[in-house]
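This report describes the pockets of a protein model and the packing of one of its helices. The sequence and the structure are shown first.

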Amino acid sequence: MEFNCDVKIVDAMMGAGKSSAAINYIKRSKDEEKFLIITPYLREVERYKTECPNKKFKQPTFSQGKGSKFASIKTLIDRGENIVSTHALFQRFDNELIDMCRAKNYTLIMDEVANVIEEYRITIKDFDILKKDFVTVDEETGMITWRPDQSDYSGEFSEIKRLCDLGSLAYYSGSIMMWLFPIGAFNAFRKVFILTYMFNSQLQKYYYDFHNLSYEFLGVANLDGSYWFCPEDLKSDSTYDYKKLIHILDSEKMNMIGDRKTDLSVAWFKRNNKNSTMKVLKNNLANFFRHIRNDNSKDNLWTTFKEYKSALQGGGYSRGFLEINARATNDYMTRTSVAYIANRYMNPVIKKFFEVHDIEVNEDGYALSEMLQFIWRSAIRCGNEIWVYIPSSRMRELLADWIEENSK
């Protein structure tokens, strides 16, 4: 695909003012520049609507008898409205909506990266049928296209046909299919701003590289109390000494359960879910909140892989659970006791997909960026002290190294 979109990656720490800089950019834009703002949480939707009154942002809505939110966003685009919505709706872009955005000259501002790649599960038998009768495969890229002579097809593979038409399916290793977010959705915009942190370690970076979509980096600068996009080399430095603000629990007994590099990974949890090891981990978690920290439940914040939440939750801290991939929420910014009970690795199928296409993957960087996103839901976001329990030795060392490199 030939790209003619200008993609800017605004790479700055959580709480560094990326959203505020985006709002200032919008306020100073010309009347004819239209915006589609994609943000993870409804609270941020309201913020853009409130702080940019001149743009009169509209939010896609579901109205009884008038169709879905997806139909609503098409109506708003067709009218040339400025729109703010959530990531879930952006994931549903189709070719019609892509064409409409391009025709109306929209700028996309995406607060945090999108979900851009997943394994698409299909049986080997069905995949063989597809290859024989319905699709062609680019052996260099792995991209799957629906055969033109089957354009009128309607049947059990109709959803696969729709994804092929969007350019959203690829394969590798003979039979493994991957869903890719339609790259044309980004090419539907003249300008694209992605607001994130540690982009070079994120899946969207590898996805852009796979599609050969070029991008440039911006930073955020604080000028007289206001935040603005700026060249990366002029961005504001951190004003915090994280060595004094982030206190990592150093306890041989509490951390022993995560000594090995792969301890507390998804595979580790699957292996130990039904034995006494999980009870030890639960006791450690309870001990951290109830005795080592001895604070109120409203001060607690913790996470693990969602399948194992019930195995670890307990009295006094259960309500402090937040999903491990949480981003862009300020609802927990007063929490000072944080437990990160996980050891993050990329999905091995996704990792292998990029590697077979000669795209170098930084798995430690990915793990660190995901952990930082979670920790920054807590009081550290406002420059306040936090105490953190990270039993995985690998994850704990990644955070300690980051603190050393990013403190004043």
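G167, which follows helix α7, has a positive phi near 70°. The model is a predicted one. Helix α7 spans residues 158–165, and its buried residues are I160, K161, L163 and C164. Viewed down the axis of α7, these buried residues fall within an arc of 165°, so they line one face of the helix. An α-helix has 3.6 residues a turn, so residues three or four places apart point the same way. The cover over the buried residues of α7 includes the helix α6 (124–133) and the strands β5, β6 (135–137), β7 (144–146), β8 (169–172) and β9 (176–180).

Strand β5 (117–120) also supplies at least two residues of the lining of the largest pocket, as do α8 (203–210), α11 (266–272), α14 (348–356) and α15 (363–375). Nearest the centre of this pocket lie I324, N325, R344, Y366 and E370.

In the second largest pocket, the residues nearest the centre are M13, A16, S236, D237 and S238. Two or more lining residues come from each of β11 (216–223) and α16 (393–406). The largest contribution is that of β11, with four residues.

| Pocket | Volume | Lining residues | Lining by class |
|---|---|---|---|
| Largest pocket | About 1600 Å³ | 40 residues | 19 nonpolar, 10 polar, 11 charged |
| Second largest pocket | About 600 Å³ | 27 residues | 12 nonpolar, eight polar, seven charged |

Technical notes:
Residues numbered from 1 in each chain as written. Predicted model: local features only at pLDDT ≥ 70, side-chain atom pairs only at ≥ 80, totals over all residues. Heavy atoms only, no water. 1 Å grid on protein atoms, 1.4 Å probe; cavity = no way out; pocket = protein on both sides within 12 Å on 5 of 7 lines; lining within 4 Å. Points joined across faces, edges and corners; volume = space filled by probe spheres on them. Nonpolar A, V, L, I, M, F, W, Y, C, P; charged D, E, K, R; others polar. Buried < 20%, exposed > 50% of the residue type's maximum accessible area, 1.4 Å probe, protein only. Arc of directions from axis to C-beta. Contact = heavy atoms within 4.5 Å.
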